Amino acid sequence: MRTINLNKKWEMLETPLKWNRNYYNQVRAMKEGWYQCDLPVDVRMPLLKEGKIKEPLLSDYCRETEWIEDRSWWFVKRFDSSEVDSLDDIIELVLEGLDCRSDIFINGRYLKTHRNVHYPFIYDIKEYIIPGENVITVRLTSGLEEISKEDMAELDHAVCIEERNGGKYRGDERRAFVRRPQYTVGWDWGPKVITIGITGNVFLRSYRKVVIREVKAETLSIGKTAELHVCVNVENLSFISTRGCDVEVTLWEGDTLCASEKIENTLVTSGYNFIDCYLSVENPKLWWPNGYGAQPLYRVVVKVLCEGNTTEYPAFSYGIRTIKMDTSVIQGEDRNFTLLVNDKPIYCKGGNWIPNDFIYARVPDEKYHVLTDEAIEANFNMLRVWGGGLYERDIFYELCDKKGILLWHDFMFACSTYPDHHQWFRDEMYKELDFQTKRLRNHCCIGLFCGTNEVHWIFNSIDNPRWNIEFKYEFQYGLSIPNHMVKEILHKNCEKIPYWNSSPYGGALPNADTVGDVHRWHNALMSPKMEERIEVKDYDTIESKFVSEYGFIGPCCKKTTLEYMEDAGVDRRTDTWRMHCNVFERGTVYAGIEKNYVDHADQLSLEDYILYGGMVHGLMYGYSLEAMRFKEHCSGSLFWMYNDAWGEVGWTIIDYYLRRKIPFYAVKRALAHQKFTLRLVDDNVVLQGINDLPEELKVKAWFGYVSFDGKIKDMKEMQLTVAAGQRIYLHQEPLPAYDYTKGTIMLYVDDETIDNVSLRMEDNRKLHYDKSAVLVVSEKEDGEDKTVTVTAEGYVHGVYVKGDFDCSDAYFDLLPGEVKTFTVKKAKGYELIIEAVR
């Protein structure tokens, strides 16, 4: 195979929407109005570079670029015939991402119309290449313009749009018919920014005699020897002749050959030939999710020698592991929903992943590195790739493989019915799903494929009668895709990867606690009752087996807030401020602040609003993640959402500019690989121990009531042991009779790597304690960082370092007499100021 990259030196032209592909000659005759660009590109990127539009993610400027979706956009690329080899049998033009409706030409010849961003356009153009200069032309539109009111009536307009939730200018029903990133029409957490562009790589690839079209690698069994199956699809490019080929598959660890199989002189007939190879790996190094073990990766190399020509498939990394879903009965109607990696149960912990920008073509690789690094720093072992976004770029999956981040991966359906009653739509979906499952199946990070986001839940007539949807076998409003088509494709392409029809799904109705996963919204942040939104102890009532979505809202840091508000200022009463707030933020942040800290939250300075709002955000995430992990039969908790696509007061713990929000630290503590948790259950104090690591946890600790001033300590020494990979209840006793406004039950652990913990009995405002001084025991430079050790005589709430520093821990509570050491990153040369919330 020979590859020629065509990403550089494209030209872009804006024309009226009515200029369809029949206007090709007029476009080619245009001498002015062309913009220069490289790929990947969204049309806004050249316009921004030339100063034609303002950055749409700042202030309220997104409204100023809505005209873009009402135009057609033409892209042109020239290449020379000398770059290709005419002796090759086929020369394919590959456009990896076309957003969204596109007409493709080569040298003025119309090739095809492509209507899906989620799989590539591929066409053999060998016969159309001419001597000298060749010209590729692509016309692009949003695709929305093709959808009529009559089309939407077929679905009874059953598509969620945010205007119904108070999200002005957000949403477009027509998205249901268009295979574009659904979120770009606007969502509760972001604006309408309709993307149009060539959002992936473009290249030519040529082949001679045979092509390796695909390789499937899977682990059949593990033990002292791992048995692997590798299926190689070799296409014989001769339409009428058979050929003899040698097929070789090798498995490498670094420069060490670990296993191989060579099939010599196998006969390949015209077209596809599926060739099975089996490898045995002695003493295999198994891949584990973050915390449960290491992430060794082997390298798979596949070669085919045919009549003197060698074709090699792009080498790829492979982690040896098995993965299954345990849905066995617990009791009655209750079933487990536990992911098993290498036959061991995994508690899945982390957050939901969305695209990293509303103009996603401009996301740099560095952003994927930072976000996956920060996920590991926060002790994640899973991300859920949400179904309203994108199948991500290769680098994302490669990083998740390397770092041990399992993926719950939705297919791209979200909060809408879909027109699967049309054959053209079913054909599009088959191509998309077939391509993506083949593309992703060899990644050891893929933990589960999921059919949709909320489609089964939102549109069934029992949970939501207002939609008036009646599912019928011949008219399923999109459900035939996840219920039938996906299963057929997965059985063909990757049957060993678990599948779940939707999220949420399971039980007599989707979102039942008995079976499967839940989205916990209606009795939390989306409740009409404010007291339910901000009561953290409500999370102790959860009986779900897996919580794949829930969340709370909080502000970004001051630097980020000033950046995204730009010239609009930071008056929290303006329309621009509200535009950068989640549509469900209707006083929740203020109410949470007033419940836990101070009155008249609307009158706070920006700095205090961010501090108190962030502390509440951290409380809700930290406590809730602990509460779900505390439950014996809960096997996963993923909060909504981890990262962001623009700057806003919203769900995330990492903001759009990659700055940590205050709740980052609470999440990190709650998801620690080794930790202890205290809860009050039926008037008994229960101590839980958690140990995700592959080694036994054994520590000495002191347990009992301690007053906030540290003067009363009714404690006993304990030896605590938690086996590798276990969650266990270690101790329980009746709640002793003390004044819990002046102290609480505390656990001091004789291991500086494990957090001390306390039992939350009351909101912070109801507690009676003096603000103890935070004493700096030591402060040492460690390369570019500083290591700081602090202590306090009494209880201190929310200790942090003032300024824009990332720390190993921050906004933490100090228990009376506790000594805590933490790292302040890139603090060399700075005079650090240690403060506390109260």
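Predicted model: local features only at pLDDT ≥ 70, side-chain atom pairs only at ≥ 80, totals over all residues.
Analyst: Contact means heavy atoms within 4.5 Å. Residues are numbered from 1 along each chain as its sequence is written, and side-chain values use heavy atoms, leaving out hydrogens and water.

User: Which residues does N523 touch, when those up to four places away in sequence are not counted?

Analyst: On that basis, N523 touches E532 and D538. Helices (H or I, at least four residues) and strands (E, at least two) are DSSP runs, numbered from the N terminus. In these terms N523 lies in the loop between β32 (518-519) and α9 (530-533).

User: Is N523 buried, exposed or partly exposed?

Analyst: Relative accessible area decides this: buried means under 20%, exposed over 50%, and partly exposed in between (1.4 Å probe, protein chains only). Because its relative accessibility is 34%, N523 counts as partly exposed.

User: Where is D103 placed?

Analyst: D103 is in strand β8 (residues 101-106) and counts as buried because its relative accessibility is 0%. The side chains of D103 and R101 are joined by a polar contact of 2.9 Å. Leaving aside neighbours within four places in sequence, D103 is in contact with R21, Y110, K112, T113, T137, V138 and R139.

User: How is strand pairing read, and in what sense do β29 and β30 run?

Analyst: Strands of a sheet pair through backbone hydrogen bonds, either parallel or antiparallel. Two strands pair if DSSP finds at least two bridges between them. Here β29 (406-410) and β30 (446-450) run parallel and are joined by four bridges; W408 stands opposite L448 in β30. Five of the five residues of β30 are buried.

H409 is found in strand β29 and, because its relative accessibility is 0%, counts as buried. A polar contact of 2.8 Å joins the side chains of H409 and Y397. Not counting residues up to four places away in sequence, H409 touches residues that include V385, L440, I446 and L448.

User: What is the order of the strands in the open sheet of three?

Analyst: The order is β22-β25-β26, with antiparallel pairing. The edge strands, each pairing on one side only, are β22 (323-326) and β26 (344-346). Three bridges join β25 (residues 338-341) to β26, and I346 in β26 is the bridge partner of L339.

User: How is the length of a helix checked, and what span should α6 have?

Analyst: The expected span is 1.5 Å times one less than the number of residues. Helix α6 (residues 423-440) has 18 residues and should therefore span 26 Å; its end C-alpha atoms are 26 Å apart, which agrees. Its buried residues include F425, M429, L433 and L440, and what covers the buried residues includes α5 (394-403), β29, β30 and α8 (480-493).

User: Which residues have the most contacts inside the largest nonpolar core?

Analyst: In soluble globular proteins, nonpolar side chains tend to be buried together. A nonpolar core is a set of buried Ala, Val, Leu, Ile, Met, Phe, Trp, Tyr and Cys residues joined through side-chain atoms within 4.5 Å. The largest has 172 residues, and W189, F380, L407 and W651 have the most contacts inside it. Helix α13 (residues 606-630) gives the most to this core, with 13 residues. In α13, 22 of the 25 residues are buried. A second, separate core of 34 residues includes M12, I91, F121 and I125.

Note on methods:
Polar contact = N/O pair within 3.5 Å; in protein donor to acceptor, adjacent residues only side chain to side chain.
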